[in-house]
Amino acid sequence: MSGASEGAGVGPPAAAGGPTTPRWAAPAEPDPRRWWALVVIAIAQLMVVLDATIVNIALPSAQRDLGMSDANRQWVITAYTLAFGGLLLLGGRIADLVGRKKTFMVGLVGFAVASGLGGAASGSGLLFGARALQGVFAALLAPSALSLLTTTFTVGKERSKAFGIYGAIAGGGAAIGLIAGGLLTEYLNWRWCLYVNVPVATVAFAAAAVVLRSKAVPERAHLDLPGVLLGCSGLVAIVYGCSEARPRGWGDGLVLGMLVGGALLLGAFAWWQTRAPHPLLPPHVVRDRNRGGAFLTMALAVIAMFGMFLFLTYYLQTVLGYSPLKAGLAFLPMVAAIVIGSTQISARLLHLVPPRFLMVPGALLASAGLFTLTFLTAESAYAAHVLPAELLVGLGMGLTFMPVMATATTGVAPQDAGVTSATVNTAQQVGGSIGTALLNTLATSTGATYLAGRLADAARHSGGHPIPPAVREGLVRAGVVHGFTVAIGVGSVIMLGAALAAGLIVNGPAPRQGQVPAAGSADSAESAVR
């Protein structure tokens, strides 16, 4: 993009005593179509985010229809998260090198085609492949969408409002996916959880062609191939290891091998980035204190939040007996709270107060909401126990996600906007994978231990007679809920860690009205004008 759409997101002159003041051009006039561009970006990002969860509620129906085994059904989810999480850094750098509009539009076309293939799948293999292909194109879409937002809205209240909307999508997309999955599965069938992306992506593509502006590609574009191999392989290994931890357990040899191997590959990737002539992830992008703190806060918050989505989905359906549609609609208050927190509170205050003044209270509210869920029982009522927790978590996430994303992308040189946006999405995706696997394993193990103890007590009190079916069923439900509450309690502690990271690491001031966001570091400011 040219003008305000892509080139205005550069930092101010270097501080006194630093390098010679560069030749800064005045920011271009705002693009009159920027709000329509935001609509297109928001639609595409929502499609990518909700596709991680929209098939969750439809999975039992798809499993029956295609004859999937219990062992293989997880690949409907894992295939998407593997490709998406593993290729995000590559997708972000491609957006920087090829052009964000072009990458965005290619991502839309590919995502629509992959969704159509998945919806028409006649067997589990084709569905798994289509989901992986969706992940590949999502890895192009997500970073190009956020980098388009970053370079289109650069200053003042407009930037805060745009990031408020984007933050609401990031925080509420998973819950919206559960709602949409329930509606489509109950009134159509599971295939429409995939088919629905085709018309959405088509409309977004047509609109993007009109309202987004293109930018000339640098004459000599370089791709760090060793960095691609090391970084993407490391991320794939970690996401795969976390996904396999759910059915296998954390002590399994394959899981440990993948996690250790992934960590070693990422260590090698970090070492190579300091030496590569054209690094995939320039070190100054993550070296900045505020940006690094935002990445860490995002990862910790998502680890805690994604476990809650999983447990509440099962709790509402298996314990309270909700239908898929009713379970999906039960998340609506949380979505509303996220939207209010992001667009009506964070967006209005971000240019007035330092970002951590929003992140810390937001994470504390979310932690309190998660802690409230630790008091759930098999007889809990939705209005009295689940709803208050949803409102606290939703409001907290709305307060947190918006300033996290704004801080992570502030002051980035235009040529690094894509890979920086990819790093934000990577923190979110890997955090979700780790959180789902870690907390699910904890819930399963503690629930099984609790149930075994209660069954043994019941057997002793039965005097050698079989335990009545109603008593056994009640104990099983109590064991499931106990596992959920223990895991959610750990999630509450992890969310406190997010508050701590934001409070201790992120120390940037509030962006001033009318000021181009400050660069994160001296070398990033210098690179912005080369």
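Reader: Which residues does F331 touch, not counting residues up to four places away in sequence?

Author: This is a predicted model. F331 belongs to the largest nonpolar core, where it is among the residues that touch the most other members. With residues up to four places away in sequence set aside, the residues that F331 touches are A175, L178, I179, F309, L312, T313, L316 and E390.

Reader: Why can α12 be called largely enclosed by the rest of the structure?

Author: A residue is buried when its relative accessible area is under 20%. Helix α12 has 31 residues, and it is largely enclosed because the number of them that are buried is 24.

Reader: How far apart are the end C-alpha atoms of α12, and what span should its residues give?

Author: Helix α12 runs over residues 289–319. At 1.5 Å a residue, its 31 residues should span 45 Å. The computed distance between its end C-alpha atoms agrees with this, at 44 Å.

Reader: Which residue just after α12 takes a positive phi?

Author: The phi angle in question is about 75°. The residue that takes it, just after α12, is G321.

Reader: Is E186 buried or exposed, or in between?

Author: E186 lies in helix α6, which covers residues 156–187. Buried requires a relative accessible area under 20% and exposed requires over 50%. The value for E186 is 39%, so E186 is partly exposed.

Reader: How far apart in space are E186 and P324, C-alpha to C-alpha?

Author: Leaving aside neighbours within four places in sequence, E186 is in contact with S323, P324 and L325. E186 and P324 are 138 residues apart in sequence, while their C-alpha atoms are separated in space by 7.0 Å.

Reader: What percentage of the residues in the chain are buried?

Author: The secondary structure of the chain comes to 19 helices and zero strands. Of its 530 residues, the buried share is 56%.

Methods:
Residues are numbered from 1 along each chain as its sequence is written. This is a predicted model: local features need pLDDT of at least 70, side-chain atom pairs count only at pLDDT 80 or more; totals for chains, interfaces and linings use all residues. Side-chain values use heavy atoms; hydrogens and water are left out. A nonpolar core is a set of buried Ala, Val, Leu, Ile, Met, Phe, Trp, Tyr and Cys residues joined through side-chain atoms within 4.5 Å. Buried means under 20% relative accessible area, exposed over 50%, partly exposed in between (1.4 Å probe, protein chains only). Helices (H or I, at least four residues) and strands (E, at least two) are DSSP runs, numbered from the N terminus. Contact means heavy atoms within 4.5 Å. The expected span of a helix is 1.5 Å times one less than its number of residues.
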